[in-house]
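This report looks at how one protein chain is put together, moving from the chain as a whole to single elements and residues. Please keep the sequence and the 3D view at hand while reading.

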Amino acid sequence: MSTDSLPEGVQRVAQALQAAAHPHAPRWLEVAARTAQEAADALGVELGQIAKSVIFRRRADARAVLVVTSGDRRVDERKVAAQAGPVGRADAEFVKARTGFSIGGVSPLAHLEAPVVLIDRELFRFGEIWAAAGHPNAVFRLAPADLVRLTGNAPVLDVVPDELVPTAPTAVPVRPASPCVNICRMDAATGWCEGCRRTIDEIAAWSRLSAGEREAVWLRLPGRTRPARPA
């Protein structure tokens, strides 16, 4: 199916992904996937690899609050409220008006009105995840770190009920305290540390970041390669 023949919402997501230089365009499924389980079944992946978009309505200003959570997790509304202010569930009309998407196809990006975005740290159990692309039949592939980048560095947080959080997650790698074993020395050409490839802002904020936020930085570092020097 050509991009021009796709529904308007999918075209909007495709354009946003292209503008962000994301390598994976929306993929059209032969069957509608209105739930995380349906999407996982259609793609042949684990339920937790589906990044489902849950929309809340902030009580103070009726702004949309988007929580992107793992498909096998529920969202703790109290934890969302602690980050974004008191919220309530959003109905289909509110979701469509604020995002431009219908429930079952809400993408984590390309909304009509920019929402407050929170990312579930449980998504970082997986190297590859899938998100809706503006229609129940459309999805796109990404890594959890891509999700952070595509949503404007949205915070990675604990947003699920405590009883659902595994006490000893095995899929999250054990990392050293810092990517750099020595004092960071910045490369003027790239703006990164010569050793660990972090930016000055990432280095400055490192001690304040949550485990999930640090993991998002770790996953970005391998892609930062120094441009070849002219011969």
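## Strand β3 and the residue S70

Strands are DSSP runs of E that hold at least two residues, numbered from the N terminus. In this predicted model, S70 has its place in strand β3. The relative accessible area of S70 is 0%, so this residue is buried. Setting aside residues up to four places away in sequence, S70 touches G48, I50, K52, D120, E122, L123, R125 and F126.

## The chain as a whole

The chain has 231 residues, of which 48% count as buried, and its secondary structure comes to 7 helices and 8 strands. Among the contacts with a separation of 6 or more, 61% are accounted for by residues 24 or more positions apart. The chain exposes about 12,000 Å², and carbon and sulfur atoms supply 51% of that area.

## Nonpolar cores

The largest nonpolar core holds 33 residues, and the members that touch the most other members are V13, I55, I119 and F140. Two or more residues of this core come from each of α1 (8–19), β2 (50–58), β3 (64–70), α4 (92–99), β5 (116–120), β6 (129–132), β7 (138–142) and α5 (144–150). A second, separate core has 13 residues, including V54, F56, V87 and V160.

Which residues does V13 contact, leaving aside its neighbours within four places in sequence? V13 is in contact with P26, F101, S107, L109, A110, A133, G134 and F140.

## Strand β2 and its partners

In β2, 7 of the 9 residues are buried, so the strand is largely enclosed by the rest of the structure. β2 pairs with β3 in the antiparallel sense over 7 bridges, and V54 stands opposite V67 in β3. With β4, β2 also pairs in the antiparallel sense, here over 3 bridges, and R57 stands opposite G88 in β4. The pairing of β2 with β6 is parallel and is made by 2 bridges, with A131 in β6 as the bridge partner of A51.

Most residues other than glycine have a negative phi. With a relative accessible area of 17%, A62 is buried, the cut-off being under 20%.

A110, in the loop between α4 and β5, likewise has a positive phi, near 65°. At 19% relative accessibility, A110 counts as buried, and A110 is one of the residues in contact with V13.

## Helix α3

Helix α3 spans residues 77–84, and K79, V80 and A84 are buried in this helix. These residues cover an arc of only 115° around the axis, which means that they lie on the same side of α3. The buried residues of α3 pack against β2, β3, β4 (87–89) and β5, while the face turned away from the buried side carries the exposed residues R78 and A82.

What caps the N-terminal end of α3? The cap is D76, with a side-chain oxygen that lies 2.9 Å from the backbone nitrogen of R78. Just after α3, G85 takes a positive phi of about 95°.

How values were computed: Residues numbered from 1 in each chain as written. Predicted model: local features only at pLDDT ≥ 70, side-chain atom pairs only at ≥ 80, totals over all residues. Heavy atoms only, no water. Core = buried A, V, L, I, M, F, W, Y, C linked by side-chain atoms within 4.5 Å. Buried < 20%, exposed > 50% of the residue type's maximum accessible area, 1.4 Å probe, protein only. Helix = DSSP H or I, 4+ residues; strand = E, 2+ residues; numbered from the N terminus. Contact = heavy atoms within 4.5 Å. Areas by Shrake-Rupley, 256 points an atom, 1.4 Å probe, with all protein chains shown as cover. Arc of directions from axis to C-beta. Polar contact = N/O pair within 3.5 Å; in protein donor to acceptor, adjacent residues only side chain to side chain. Pairing = 2+ DSSP bridges.
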